[in-house]
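Colleague: I've got the model open and would like a close look at a single part of it. Take me through one contact, slowly, and spell out your cut-offs as you go.

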Amino acid sequence: MSDAHTPIFQRAVVALNGGPSDARIIRLIADEARHSKAEVIAVHVVEIDWTLPLDADIAGRSEEVQRVLDIAESVAEDYKVRLDPVLLQARDVGAAIVDEATERGADLLVVGLPFRKRFGGEFAIGRTIPYILQNAPCAVWVVRDPMTEEST
Amino acid sequence: MQGRKPADRRVRVERPHAPYFRYMGPGQLVAKPAANRALTPSGRLVNRIRAAVFGRPLSTEEEIGERLTKTKALAIFSSDAISSSAYATEEILRVLLLAGASALFLSLWVSIAITILLAVVSLSYRQVCRAYPNGGGAYIVARTNLAPIFGLIAAAALLIDYVMTVAVSTAAAIAQIQSVVPQAYDVRIEIAFISITLITIANLRGLRESGNIFAVPTYLFVGLALAIVGIGLFHIVGGTVVPVTTADAVPFPNHFEPIGILLLLKAFAGGSVALTGVEAIANGVPAFKPPEAKNAANTMTAMAILLGILFVGLTLVAVQYGLRPTEAGGPSIVALAAQAAFGGGSPLFVAFAASTALILFLAANTSFNAFPRLAAILAEDGYMPRQFSFRGDRLAYSWGIVLLAAIAFGLLWAFGGDTHALIPLYSVGVFVCFTLSQIGMVRHWRRERDSGWRWRMAVNATGAVLTAVVLLVVVSEKFFNGAYLVVILVPTLVAMMVFINRQYSRSASELAVAPDMVVRPPHREERVVVPIPGLTRAVVQAINVGRSVSEDIRAVYISDDPEAAAKLRAEFERQIPGVPLVVVESPYRTLVGPLLAYLDVLDAAWPPDKPDPITFVVIPEYVARSWWERILYNQSAKRLRTALLGRPHTVVVAVPYRREDTALFEAAVGGERSAERAAKDPPD
C-alpha cells in the first residue's frame, strides 16, 4: 500500500498539443504539484518537416504557438504553481518529448490524447503516444479527451 | 539539442515576450508584473518602498480573493453604525433631561422607536442590496427610479456625510483619549494626522488587509458592550440593580420643559444618529464574496440586529441604573454603564474604554470604504473625474481614499481638532439619502411588480414617511446651528457634478466616431518643420525622423546672432544636403513667438484651393539621465511643446536622443562618413 504522503511525482513533463485537453492536464498536474511542491515543465513541440531547416523561424513567430504555453502558464498560476514553459522545434514530436523528459530527469510524463477515429470507425491513437509509451524512461500518464458528438 | 538517435535533434525556441506578456487570445496580450517593473534605480527604490508600505501590487484577477467575508464586512462596513451605540443613548438623555428626571424613562421608548425605524431602514436597504447588486445605494436607487438630479442630491449628501464621519469620529476618539490622558489635548492635531494616515494606509493596502486589521477592535467593542448589556439585564431581572450616582452629572433645569410630542421628536432626532452608516453596506455590495447581494443583505440584517440590541440594551441599562449625562470632560453614558457592569478601574473596564476609543477611530473606516466606492460609481457615470474609478496597485480606489483623508484632515486642522461645529451637518445628509432611496424603492416596486411587491412597497413607503419626518425634525432642530450649510454645500456639489458630466458629455460627443463611419486612409498633405538649436546628433536624428514622415521638410533656426546663423547654414548645407534651412532672426531674443509666426506664415502661403496640410513639428530632445540633467536640458523644447499644444492641423513629435543611441547613430550615418574618409584615405 502506498504512503498517502509520498508525492506521486517530483518533476513532471507535460506535453501540450494545443488542444482542449491541455487545460485539463495542467489543472490535474498543478493540483497535485501544489501540495507536493513538485516541479512542472510544460513542453510544446512544433514539428518541422524536412523541407525546412530545423531552426527555421516558425514557432517563435507564431502567436498561436506561444499561446499554448502562455495559457498553460496562466492555468498553473491559478493553482499558485510555477510552470516552466519549453517551446521546441523538432522533426518528430514523440522523440522530442521523450528526449526532453529524459534530459530533465522527469519522473512523470503526461500527454493528452484527442479522441479521433480513422476512416472506417477504428480509434486512431496516432504515432506519438505509442512512441512515448515505448521509449519514455519514466511513468507516462495519457489523458484522453472525452468523446464528442463529432468524434463518435 | 541532440536526442538519443542521430535524427532526433530538437531546437529550443526563445520566447522573448514571455517575461513580460502572455498571449491569451488572438491579438490579445496580458501584461505580467515584469512589464510594470521600474527601469531606473530611483523608480525601483520607490516601488520597493511602496511594496513595503502598501503591499505587492495585485492583479485584477486577484480581485475575487480580496472580497470580504460577511464577518470582515460586518467589521468594515458597520463600525460607523455600531460605534453610534456608544453615544446615541446619551443624545436622547440630554434632550429628555430638559423635562426632568421623570422624563428619562421615556428614553427607552424613544430608543425602541428608533430601533423600529432602524429595522424599517435596514429592511429597505436589504432590498436595495438585492435590487442593485452593483452597489451605489441611495444614489443608484434615486437616479434610476426618480431622476438623475435626485441621485446626485443623495450622492452629494452622502459624500459630505462621509467626510463629516471621518472628521467627527476622529475628534470624538481623541476626546475619549483626552478623558484618560488630558495631555493629549496639546497634540490632538498630530494624533488626528497619525490616525487618519494609518487608516488611509490600511485602506490603500486593500480591502482584505484592512478587514484583518480592523476586525479585532470592532468585535472587541461589540463583545464587551454585549457583556455590559448582559450583566445589566442579569441585575435588572434579579432585582439587584444598584443605581449609580454621577458626581458631575448635568443638573436638571430650573424650569422643566413639558413632556410633549415636540420634546419626544427632539429626542428621537437626537438618537437617530444611531442610524448613520447603515447605508454603507448597500453602497459596497460588490466588495462581498459571491453571492454578493445575498451576503450583503445578510450582513445588513446582522448589523441591524447587533446595533438594535446594543442601543436598546445600553439605554435600558442607563435608565435602570439612573445614569445621567455628565458635563463636558466627564465620563460618557457607556463609560458609566461599563463602570456599573465591570466595576470602575477593572481590566474589563479599561479594555472597554480602549475599545470605545478604537471603535470611534474605526467609525472613520466605514467612510474610507463607502466614500471611494460611491466616488468610483459617480466617476463611472461621468459625474466625478475619471481618476476616481481607477483602482490602485492593491485594487483599492486610491484617489477616493486619499481625497477623503485630505479633506477630513483639512477640516480637523481648520477647526483645531474640535469638530463640534460640524456635528449639526452630520446625520442630515444620511436622512436625505434614506428618504430619497425609500421613495425611489417605492417607485421601483410599483414598476417592477415582482412577487411580494405590495408588502415590500409598504415597507419602503413607511420608511420614507418615517425618515422624511426625522429629516424635517433634524433640519428644523439643527438648521441655525449649522445645518444650513448642507443647503449650501449639497447644491454646490450637485452643480459641480453636473458641470463635470456636461464637460465629459461634450468631449465624448466631440470625440465620438459614428458607428456607420468607415475610416479611409488620410489624403491630406503633410509637411515637416524641425526647429533646431544648432547642428547636433539629436537634430540629425530628428531630421531623419521628419524625412520618414514627408519629403516636404525644412529645418528652422531661430537666432539673434546673424554670424552664428551664417556659420550654421554653411555647416548644415554641407552636412545635411537636401533639407532646406530657414533662419529666422529674432532681434528680441524670443524663440516661441517667431516660430509660431513662421508656422502661421506657412499656413497663409498654402494654396487656398487645397485642404490644409498637417504640419509635423519635430522637436529634437536630449534624454536626461538623472533629475538634475532634466533641469539642464530640453527647457526650450518644453516651452515649444506647450505653445504648440492645441494648434490646429499641427502634430508635435518629440524625438529623443539617448546617449545609448550613439551606436545607432554611427550605423545610420557612418556609412557616408566612411565613404568620405575612404575617398580621402584610399587603401594601399
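Modeller: Here's a walk through the place where chain A touches chain B. Bear in mind that this is a predicted model, where local features need pLDDT of at least 70 and side-chain atom pairs count only at pLDDT 80 or more, while totals for chains, interfaces and linings use all residues. As for labels, residues are numbered from 1 along each chain as its sequence is written, and chains are lettered from A and ligands numbered from 1 in the order in which they are written.

Chain A puts 22 residues into the contact and chain B puts in 17 (two residues touch if their C-beta atoms, placed from the backbone, lie within 7 Å). On chain A's side, two or more residues each come from helix 2 (63-78), strand 3 (83-90) and helix 3 (93-104). Helix 2 of chain A gives the most, seven residues.

By class, that side of chain A has ten nonpolar, four polar and eight charged residues. Here Ala, Val, Leu, Ile, Met, Phe, Trp, Tyr, Cys and Pro are nonpolar, Asp, Glu, Lys and Arg are charged, and the others, Gly among them, are polar.

Now stay with strand 3 of chain A: three bridges tie it to strand 1 (residues 10-12) of chain B, and the two run antiparallel. Strands pair if DSSP finds at least two bridges between them. To find your way in, look for Gln89(A), which sits opposite Val11(B) in strand 1 of chain B.

Methods: Helices (H or I, at least four residues) and strands (E, at least two) are DSSP runs, numbered from the N terminus.
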